[in-house]
Amino acid sequence: MSNVVTRFAPSPTGHLHIGGARTAIFNWLLARHFGGRFVLRIEDTDTERSKQEYTDSILASMKWLGLDWDGDLIYQSERFDIYNSYIDRLLESGHAYWCECPPDEVEKMREEARAKGLKPRYNGRCRSRDLGPGDGRVVRLKAPAEGRIVFDDLVKGTVAFDVAELDDMVLRRSDGAPTYNLAVVVDDATMGVTHVLRGDDHLSNTPKQILLYQALGFDLPRFGHVPMILGPDRKKLSKRHGAKAVIEYEQYGLLPQALVNYLVRLGWSHGDQEIFALEELVEKFGTENLNSSAAGFDPDKLEWLNGHYLRETSPEELARLVLPFVAAEGFDVDASRLAQLVPLFRERANNLVELARVMRFMLVPAAEVEYDAAAVAKALTEEGRRHVAGVREALAALGTFDREGCEKAIHDYVEGNGLKFKQVAPAVRVAVVGAMGGPGLPDMMALLGRDDVLARLDRAVAL
RNA sequence: UGGGAGGUCGUCUAACGGUAGGACGGCGGACUCUGGAUCCGCUGGUGGAGGUUCGAGUCCUCCCCUCCCAGCCA
């Protein structure tokens, strides 16, 4: 057992989005690569915004992605006593103090600083007043007056901050609840977390947290700050860029391995390789090739990758996966039937919703086939219907109704009438499936069976 | 405004200071029914200006642009 411990610490204030998912994947891979532990911790210290429905959604998405965690799920809201005991220690050792300045007064200090072109922050008014506990009071860190904090970031290299830039952040709110920076330090230290991979929106929090590590006498973990995911236009990612929550990708018919592969490749590389199985990622992943510049989300590449995985999945597995999507279209089909269909149809879809859709004409009875008007106008002319009738007779006479037989029957009609396949096939195709597109005609016929095909051809002739 | 992080084809990502390549996308071709599959080809880039060097995407300086932080949110 390695001593590497990583964690993913989402706040249940929304569904898991791709930025968070990528962070989770990176941490999971690092732990698994080194045979270490991966901890899942729900950071619900903001009791107003945290919701159980989001916790449930996040857990479901983690499971869908295949990111299993070690040990019990941890909720910060259950550990307030622990955090507060550490805050008390900081008070005793002189690293923290009580402050009675209310939020609106602190905001005035910020405005004054802004007016002077300085950083907007708390000005330290209660710092030397030696106040004790009291209603409405908070506890603040007594940050050092001077110095530099330098650390070696796994992604960004050496990063330095001047302590003078930090203010005396709140550690305990006036309602007694601990704040994020205190809780995260206490948790990571007491859980033995060795590596903290997170978004670089927390880069500026790192010097504050290092001050806490030092004041509490904890060993520092290795920090790695991965860039935010942007839109393709390099602006902050939003829905207008096509970004969705993980649960929405699941509903959209994405395969988890495609999303994992795509997100890993968005900020990490292993030479020119694009496709990675999960086991391969576990084997090859490391922090060395994590990219320090922000990447833009590309829905087209994600779509292409998902199509690749659709084609790589076994027919039986794919049938099982697409079954709920077929059911959502209103069809009652068993998985063994779908396992026959999906090898043909997966070439024409890039996600499970599409796969269910492109197969639909194979799932309805002959009498309910919907005809595409443009296709009918183009192919089922009088001449076209004559061809359909002729092919119908050849098919009816077949001894064995299989793919080869169907192909031969069409060819026999074609050659017997001095025609070309392409003069006959479009009409037959529209007659059988109602549209111009789709897999090979003989293949589909064989899967529909003689009676169904003849009924479809008869119906088209009668149009 | 102050602090921090970044900038290679449209997007992702390679390139010991030594030939800027791969993938997706786009365009074209092949595939003797259709084609969202498959195969082949083309297109397309180092933000700008200086400097160091035999040689710079790579090192240095300035300018420009983007992102993040500056809640008693996380």
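Helix 18 (residues 421-433) packs against helix 20 (residues 450-461) at an angle of about 110°, and their axes lie 8 Å apart. This is a predicted model.

**Helix 18 and helix 20**

- Angles from 65 to 115 degrees count as roughly perpendicular. Helix 18 and helix 20 are therefore roughly perpendicular to each other.
- Helix 18 brings Val-428, Ala-431, Val-432 and Val-433 to the contact. Helix 20 meets them with Arg-456, Leu-457 and Ala-460.
- By class, six residues of this contact are nonpolar, one is charged and none is polar.

**Helix 17**

- Helix 17 covers residues 403-416, which makes 14 residues.
- At 1.5 Å a residue, helix 17 should span 20 Å. Its end C-alpha atoms are 20 Å apart, so the span agrees with that expectation.
- The buried residues of helix 17 are Gly-405, Cys-406, Ala-409, Ile-410, Tyr-413 and Val-414.
- These buried residues pack against helix 16 (382-396), helix 18 and helix 19 (441-448). Helix 18 is also the partner of helix 20 described above.
- Gly-418 follows helix 17. The phi of Gly-418 is positive, near 60°.

**Helix 1**

- Helix 1 runs over residues 18-33 and has 16 residues.
- From its first C-alpha to its last, helix 1 reaches 22 Å. That is close to the 22 Å expected at 1.5 Å a residue.
- Helix 1 is mostly covered, with 13 of its 16 residues buried.

**The annotated motif**

- UniProt lists residues 10-20 as "short sequence motif: 'HIGH' region".
- The end C-alpha atoms of residues 10-20 lie 7 Å apart.
- The span of residues 10-20 is 27% helix and 0% strand.

**The annotated binding-site residue**

- The UniProt annotation "binding site" covers Lys-239.
- Lys-239 sits in the loop between strand 11 (229-230) and helix 7 (246-251).
- A residue counts as exposed when its relative accessible area is over 50%. Lys-239 has a relative accessible area of 64%, so Lys-239 is exposed.

Note on methods. Residues numbered from 1 in each chain as written. Chains lettered and ligands numbered in written order. Predicted model: local features only at pLDDT ≥ 70, side-chain atom pairs only at ≥ 80, totals over all residues. Heavy atoms only, no water. UniProt positions renumbered as here; feature names shortened; annotations may be inferred. Helix = DSSP H or I, 4+ residues; strand = E, 2+ residues; numbered from the N terminus. Buried < 20%, exposed > 50% of the residue type's maximum accessible area, 1.4 Å probe, protein only. Axes fitted to C-alpha atoms, helices over the stretch in contact; angles between N-to-C directions. Parallel < 35°, antiparallel > 145°, perpendicular 65-115°, else oblique. Contact = heavy atoms within 4.5 Å. Nonpolar A, V, L, I, M, F, W, Y, C, P; charged D, E, K, R; others polar. Expected span 1.5 Å × (residues − 1).
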